Structure formats: structure tokens, C-alpha cells
Amino acid sequence: MTTCPQCSKELSDETKFCDSCGAQIFETIFCSNCGAQTSTEFAFCQNCGASVAETPAAEQPAAEQLPTEAAGKKKASRKAILFGGIGAAVVAVLIGVFFLFFSGGKGENIYALYVKEDEIFFNDLKKNSESWQVTSRLVAAEGIDNETLAYRNSTLGFCSYMSEDGKYLFFPDKLSYDDGFTLYYKKVSDPEAKAIKIDSDVRYYAVNTSASIVTYQKHGEGDLYQYKIKEDSKDKVAGDVDEFYVSDDGTKICYLNSESNLYLNVNGEKEKLAGDVYNVYYVTEDFSTVYYLKDDCLYKQTEGADKEKIASNVRGVLRIYDSGEIYYVTEDTETHKMADYVTDDMKAADALISYPAYPTYPKAPSSPYRWDYDTYSEYSNALAIYRANYAAWQDTCDRLDEEYYDAVEAYWDKDSRDDLREDLKEETLEITNLSLCFYDGTEETVLTDTYDSGTSASDAPVIVFSAYDPSHIEKVKLSEIDDIYDVEDMVEEALYTSSEFYIAVKDSATLIEQENTATAFRINTSGTIVYYLDNISDKAETGDLYRISISNGTAGTPEVYDSDVYIYGLYGFVSDGEFAYLKEYDSGDGVGDLYINGKKIDHEVLTYSLTRNPDLGIICYFTDFDPEKKCGTLNLYNGKEAVEIDNDVYSCSITPGGRVLYLYDYSLKNYEGELREWSNGETRKIDDDVVCLLPIYDYKMRGSFYGW
């Protein structure tokens, strides 16, 4: 099993995109240069700096042009479900734009969590405040060194949580090689107090808004508990739980067990909502409505009402909005005869072919005898004539043989075609037609019945998708195929090459006129701007950046926004109206010039080095990167200008308040460096010998630790 780095949902190993939050699941790989373990998340090996990003950014974190194949249906989890397991060769996962690190959280909770001396430390970042040790024995297993801790900083960050009021810090401790972790909490105002243990072997947990209830699931059998902080007591909610959702106040829990039964628990009172549920797609914020898939039907279950069937034959749900609007995909299968896709160009010729008769050879000439001739001269002349006649006879026999065997071969070829003709008459080709539908809360509108895949979505009901044109399927000649599988390949290729992109704004779809092959679509949060690349040069790996404006529910005409944009450096939106990308890319150094909204921000920026604060629109990035030291100059763009923060920086994170935490003068031998803070142009040291920063994530569900 693997874990989503954004929402901590447990996923199968082959998962490429989280079916809960849409985040891309990166593969753990080993650098071909130094052999160190790294990830496909990074363009360069984190140990030696060698290039490891061989997959185009159009399929990597800095882009949204995604794979069009999903491995069957999967269970979804968190609220805003995206393209999760909709079907083979037809549906893509929708994701947002992700950078190297992601920082979020509540504005009041400005703090730093980091690892040093094998423990987690905390600093509230107030003036003259001192750091204090959070954990008592973080590493309970032997053989866990600084390098391992440094590479697990995201995992430790996902297992840690600050309550919204800033009163309690929840954190993992006593980690071992087991799959779960031991969950503790402590009052931030009393660092000397003993940490309180909630439970061991925890998989996921969520803290309610008032920080009075912790809902958590244990590893193993999936037992679900609620822990009350004031009472220091826990109650078992259910056993054998596959996934769960808890309200902000902690009083409502919706969960699905391993027997596919869906329950709603309100203040300890359990109610079964449905059985044989295949997938829970969405739970509204107030927990009054649950959307789920059962028997290939999408249902809406509202509190105090009977379940409502929204659609049948549902292949998957793309996105459900708080408004009740939904994009989903339905399917139906058509059966066609294979012969319908083939033109028999050999029919007339084959009608004249039958199995050839064995050839009748002419009589061979007789060889002369010496004693039949008076002189040797007469014999020699007769022998020469014989040899000439024999050669002619042999040529005739060879010609008859060749004609015969050619005719035999032609017959067997014809016989094979006859077998193929019979196969084509008997065999059928099943074509699954996918329809993209929009549900406005009352009625369904079919946007297309030739849906291919989705590429991008917005928090508003706006998506970009592709659909194919069946009229592009042309009949293939019988003489050009060897078997029925060639027909299947031809049909698939025709559909693939006929695919075109559309923008759907609610129930209205508009064709995107593309010059060549459009890719890497981006939609901003409000659903008013779409960017994408077209006219891509394979040699230069650059293309034209196009922009489409959406106003009053209508998509405008595509306009060229910029040119020579590096196709693997399309970072996306740094705020709802600001779009970042690279130009003048140097493949040797892995750097390019950073642009935002057509304005050049900086030059020689390291690809995939951006981190941002999504609320403030602040981004940090690296220049002058040294691949051997894996350090560079850290810069910040605040929406107006670029500011140089410091040199010799290893990694960074942006706090919710806009402060920048970073590791300075980092040793790759000891995996230790100096932790510094930058704020409003001023820099100060926080601590020494810091192994790693724990990123602050703005996600309600925490946890998921699968050992070292």
C-alpha cells in the first residue's frame, strides 16, 4: 500500500493519482547516477543533483495533462472527489498544480516544526522565543539515521497537527517499523508538561474545530475510535472500517466498512444509510448529504429523505460541488461486427484462385553415347547439343516448379484470408461509449457521448475534457491486416487521433480550436481563465502559451499569450489571477527564466523548485543552484517584485503568515543545517543542527505512517 502525500489516504501501490484529493502519487526510484533513493516528484536526484525527471511535465506535478488510463474502479475518500478510477483508457485524474513543497494552514497558527537530534522540535516564531522538544523518543527503531528522517519529513508533517485555536499540538512519537504510529498531544502553552498519549498503532486521525474530540482509525482491523480530550477517554465507534469522514465539530461520522455498508453515526447513534456501496464520492460539509455509488448507480442520500438516484450506468464521478452540481461519466456498450470495419479488396482476385494442379513436366533429353558416333568430334557436338537441351529442359522444370509453388502459396494466402473473412463475420467488437454528463441538481445534460478523458478542473463548475470523433474511423483493407486484432488496433488508433478538447462551463461545452496538439491545460480556482500549450516543437521542447477567458458562462476565443514557453516548466497559477511558467530553458543546468503573467521575474530559476503560500500568492524559488551541494539562492516573489532571501539554501517552507523558513549551510554528509527564518526582509537564526523541516499542511485528515 501507498499513501497520498496531500490527504494521507491509503491507496493501492499501482495508484498514480489519489482518488480522494487528486494529488499525483510519485514513484520511489533510484538515481541512475549515484544509486540514492529519490522520487519522480523531483527533476533532479536529491543526493547528487543528476537529472531524474524523464517523464514530461505534461504528465508530472507541474502540469495537468494526465494519463488517460485508470486501473478500473477504485474507492474514493475525501470530499471533493476528482477523476478517481473512472475506467480503462478513457478517464484522467484531475489535479491542481503542485509545487515542490506545499504550505497551508490557519493564519493564526504560525509556527515551525523540525527534526534535530532524532526528535521533533517546536518554535512559535515569536520574537526571542526558544524552541522546545516535542517528542520524547521519536525514533524507537534502530538504524534510523538523519538521512532517513530527512526524506520522511512530509510523512512526519502529515502525522502532526496544530489545533485551529493554536492550543494543542498533536504529533507522532515512538515510531517503529510498524505500519501505525503512536499519537500524542500536548498544550503548546506548557512545553514542560508531559505529553498525553491518545493511542498506539494509529493510521488516520482528525481533530474537531474546538479541539475537544479526536476521531481516529487504528491500523490492522480498521477500528474507529473517538477520544475526548477533557475526559481523557476513548470510545469505540465501529470496527472493520475502510474509510471515514468526520464533521468539523466531531459529532457526525460517516463511514464505510469492509462489508460495503455505509453508516452515519451522530452523537453515538448509528444509522445504516445503504448496503452494497461501492464508493463514497462526496459528503457535504454539514453531513446532511452523502453521494455514493451502488450497483453502478449514483445516489444522493439527504438527511430526513429517501435516497435519490441521480444516474444509472455510472462509470465514475469527476467532481461534485457544494451547490449539488455534478460532472460524471456514464457508459453503454455497442457491439459491432468486425466485418463492418473492413473492405474486402481481395474478393474478386481470390474468387479466381483454386488449388493448382501438379505440373506436367516435359520429357528430359537423352544423353548421347560415345559408341554411337564414329568420331570424337561428332560425339562432342552431340554432347554440346544435349547439354544445351538439358539446360533448357531444367529451366522449364524450374519455371513450372516456381509457378506451381507460387500458386500454392497464393492459394494458402487466399485460404488464410478466407479464414479471416469467417472470423470477421463471426467476431464482434465491443465499443464502450462514455457520456460526460452535467447534473445541475435537478436535471441531467449530456455534454458528449464520445467522452475520452478529462484534463483539468476548477473549484467552479468548469472543466476541460477531450472527446473523440467516431467518423474518423475508416475501413481498413483486408489485404492490410493479418488478424482481427489489427482491426481493434485500427479502431483504437482512429479514435485516439481524432480526440479534440472542449471547455465545459456547467452544461455548455465549447470546442477549443487548436493549431497542432494542445496539452497541459490549467484552470484557475474561480473558473474564469484557462491556459494551455500548443504548437509544441519537439526539438526545442517549447510551445505557444494560449489563454482563454471565461465570462458569463461562455468561453472566449483562444489567444496567444506568450511564445517559446518550456513545456516542462508550466508551473500554473500562483494565485487566482497569476500564472507562472518558464522560458529560455537550459536543459544542461535544468534552469530557465521565470515569468508570471508575461512579466519576467527572474532568470536561471531551477525547474521544479517553486514553493508557495496558496492564500497569499507568495512563491519561493531557487537560482544559482549547485547540484553537488543541492543548495542555491533562495528568492521570494511577493506579487510585486522578486527579493533575494539568502544563499546556500537547501530547502524551504512558507508559513501561513508569509514567513519563510529555510535550511542554510546544509551538510549532505551529516544531513544537518542551520534553520533560519525570513520575515519582511529580516533574517534570524532559529536553531542549529536541524535535519529537516516538517511542512505545514492544511488538511483535516492526518496520519498514515507505514514504517520506515
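**Strands, edges and confidence in a predicted model**

Modeller: In this predicted model, strand E30 (residues 462–467) and strand E32 (residues 500–505) are antiparallel partners over six bridges.

Biologist: What makes E30 and E32 a pair?

Modeller: A pair needs at least two bridges. E30 and E32 have six bridges, so they count as paired. Isoleucine 463, for one, stands opposite alanine 504 in E32.

Biologist: Which sheet holds E30 and E32?

Modeller: An open one of four strands, in the order E29-E30-E32-E33, with antiparallel pairing. Strand E29 (451–457) and strand E33 (508–511) are its edge strands, each pairing on one side only. On average, neighbouring strands here are turned by 30° against each other, direction ignored.

Biologist: How do you know that E6 and E7 pair?

Modeller: Count the bridges again. Strand E6 (residues 112–116) and strand E7 (residues 119–123) share five, in the antiparallel sense. The cut-off is at least two, so five bridges make them a pair. Valine 115 has isoleucine 120 in E7 as its bridge partner.

Biologist: What is the strand order of the open sheet with E6 and E7?

Modeller: E8-E7-E6-E49, paired antiparallel.

Biologist: Why are E8 and E49 called edges?

Modeller: Strand E8 (132–133) and strand E49 (692–693) each have a single partner strand, so one side of each has no neighbour in the sheet.

Biologist: Where is confidence lowest, and where is it highest?

Modeller: Lowest in strand E5 (residues 101–102), with a mean of 37, and highest in strand E14 (residues 224–228), at 98. Over residues 5–9 the pLDDT is below 50. Where pLDDT is low, predicted coordinates should not be read in detail.

Technical notes: Residues are numbered from 1 along each chain as its sequence is written. This is a predicted model: local features need pLDDT of at least 70, side-chain atom pairs count only at pLDDT 80 or more; totals for chains, interfaces and linings use all residues. Side-chain values use heavy atoms; hydrogens and water are left out. Helices (H or I, at least four residues) and strands (E, at least two) are DSSP runs, numbered from the N terminus. Axes are lines fitted to C-alpha atoms, for helices over the stretch in contact, and angles run from 0 to 180 degrees between N-to-C directions. pLDDT is the predictor's confidence in each residue, from 0 to 100. Contact means heavy atoms within 4.5 Å.
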